[in-house]
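Work through the exercises below with the coordinates open. Each task is followed by a solution in steps.

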Amino acid sequence: MGMRRKLIAGNWKMNGSVGALGELDAIAAAAADAPGVDVAVAVPATLIELASDRAPALAIGAQDVHDRPSGAHTGCVSAAMVKEVGARFTIVGHSERRADQGETDAQVRAKAEAARAAGLHAILCVGETAAERDAGRAEAVVTAQLAASLPEGASGDWLAIAYEPVWAIGTGRTPTVADVAAMHGALRARLRTLLGDEADALRLLYGGSVNDANAAELLGAGDVDGALVGGASLTAAKFVPIIRAAARL
Ligand code: PGA
């Protein structure tokens with residue numbers, strides 16, 4: 001504990017184009033100015049190669065991978081495929097994929113294991129819906145998601161967990177700092193029962209409407225080791241202040 005480096009990861013989702021890659025220049029410069037912070041950007045699969053060529057010092061990643069190495073899966077890409085073109089990590093289990101593609105905990109777990117087998121790092125997302133939080137079930141739901149989607153061989157060397165309340169994603173609404181700290185404490189405790197001492201090596205990111213105005217507060221919450229940032233990662237103007245906030249902690 002106390003040894004975990006901050007990680008600020010962007011998630012461009014289905015946004016960005018070849019013309020947007022110029023944003024990476026200032027993001028890479030900010031990352032170079034923040035040697036204590038790891039900076040990563042998950043771009044659309046079509047941009048991975050160009051992004052990693054343009055910003056070799058940044059960790060460029062994918063937003064999803066299939067759980068099989070190859071085969072008859074039209075429209076999907078494998079972990080080895082994104083790795084071959086420069087991805088160093090992938091997100092798995094983002095709530096948009098759990099909702100839009102119906103991904104289950106078991107599939108998310110298999111995707112994380114496929115990422116590891118291909119030599120990628122992974123950011124595994126969990127989070128409750130508004131209805132689940134209103135029903136007082138947020139911690140139970142999220143820790144159960146974690147337990148069911150945690151891959152074999154989970155360790156801080158390659159895996160980070162992102163707590164992203166579904167109702168906070170893209171909405172401008174965030175949990176209180178106390179709620180974030182409570183959830184991260186619950187996740188850490190569950191990781192300890194699952195992984196023993198290795199639990200302390202995994203980074204726990206917060207995600208959901210992180211921006212330049214709230215980053216310092218959210219990143220300062222107990223057991224928060226970084227952020228997964230959607231909308232505010234699309235431009236350097238919005239993403240760089242979040243990197244700087246992490247560097248000041
Ligand atoms: P947001 O997205 O920052 O736009 O809320 C976060 C995420 O979905 O990873």
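**Exercise 1: the largest pocket**

Task: Determine which helix gives the largest share of the lining of the largest pocket, and describe that lining.

Solution. 
- Step 1. The largest share, 3 residues, comes from H4. Helices here are DSSP runs (H or I) of at least four residues and strands are runs (E) of at least two, numbered from the N terminus.
- Step 2. The model is predicted: local features need pLDDT of at least 70 and side-chain atom pairs count only at pLDDT 80 or more, while totals for chains, interfaces and linings use all residues. Residues are numbered from 1 along each chain as its sequence is written, and side-chain values use heavy atoms, with hydrogens and water left out.
- Step 3. Helix H4 (95-100) and helix H5 (105-117) each supply at least two lining residues to the largest pocket.
- Step 4. The volume of the largest pocket is about 670 Å³. Among its 28 lining residues, Gln63, Asp64, Val65, Arg97 and Gln101 are the closest to its centre. A pocket is an open set of points on a 1 Å grid over the protein atoms alone, where a 1.4 Å probe fits, with protein on both sides within 12 Å along at least five of seven lines; lining residues have an atom within 4 Å of a point. Its volume is the space filled by probe spheres set on the points, which are joined across faces, edges and corners.
- Step 5. By class, the lining of the largest pocket holds 11 nonpolar, 10 polar and 7 charged residues. Ala, Val, Leu, Ile, Met, Phe, Trp, Tyr, Cys and Pro count as nonpolar, Asp, Glu, Lys and Arg as charged, and the others, Gly among them, as polar.

**Exercise 2: the second largest pocket**

Task: State the volume of the second largest pocket and find which element gives the most to its lining.

Solution. 
- Step 1. The volume is about 390 Å³.
- Step 2. This pocket is lined by 23 residues, and the closest to its centre are Leu7, Asp38, Val39, Ala40 and Ala59.
- Step 3. Two or more lining residues come from each of helix H1 (23-32), strand E2 (37-42), strand E5 (121-126) and strand E6 (159-163). E2 gives the most, with 4 residues.
- Step 4. The lining of the second largest pocket divides into 17 nonpolar, 2 polar and 4 charged residues.

**Exercise 3: nonpolar cores**

Task: Identify the residues with the most contacts inside the largest nonpolar core, and list what isoleucine 161 touches.

Solution. 
- Step 1. A nonpolar core is a set of buried Ala, Val, Leu, Ile, Met, Phe, Trp, Tyr and Cys residues joined through side-chain atoms within 4.5 Å. Buried means under 20% relative accessible area, exposed over 50%, and partly exposed in between (1.4 Å probe, protein chains only).
- Step 2. The largest core has 67 residues, and Ile8, Leu24, Ile27, Leu58, Leu159 and Ile161 have the most contacts inside it. Helix H10 (residues 236-248) gives the most to this core, with 7 residues.
- Step 3. Leaving aside residues up to four places away in sequence, isoleucine 161 touches Leu124, Val126, Leu146, Leu150, Leu202, Arg203, Leu204 and Leu205. Contact means heavy atoms within 4.5 Å.

**Exercise 4: the whole chain**

Task: Why does the radius of gyration agree with a compact globule?

Solution. 
- Step 1. The rule is 2.2 Å times the number of residues to the power 0.38, with the radius taken over C-alpha atoms.
- Step 2. For 249 residues a compact globule would have a radius near 18 Å, and the protein has 17 Å, which agrees.
- Step 3. Buried residues make up 49% of the 249 residues.
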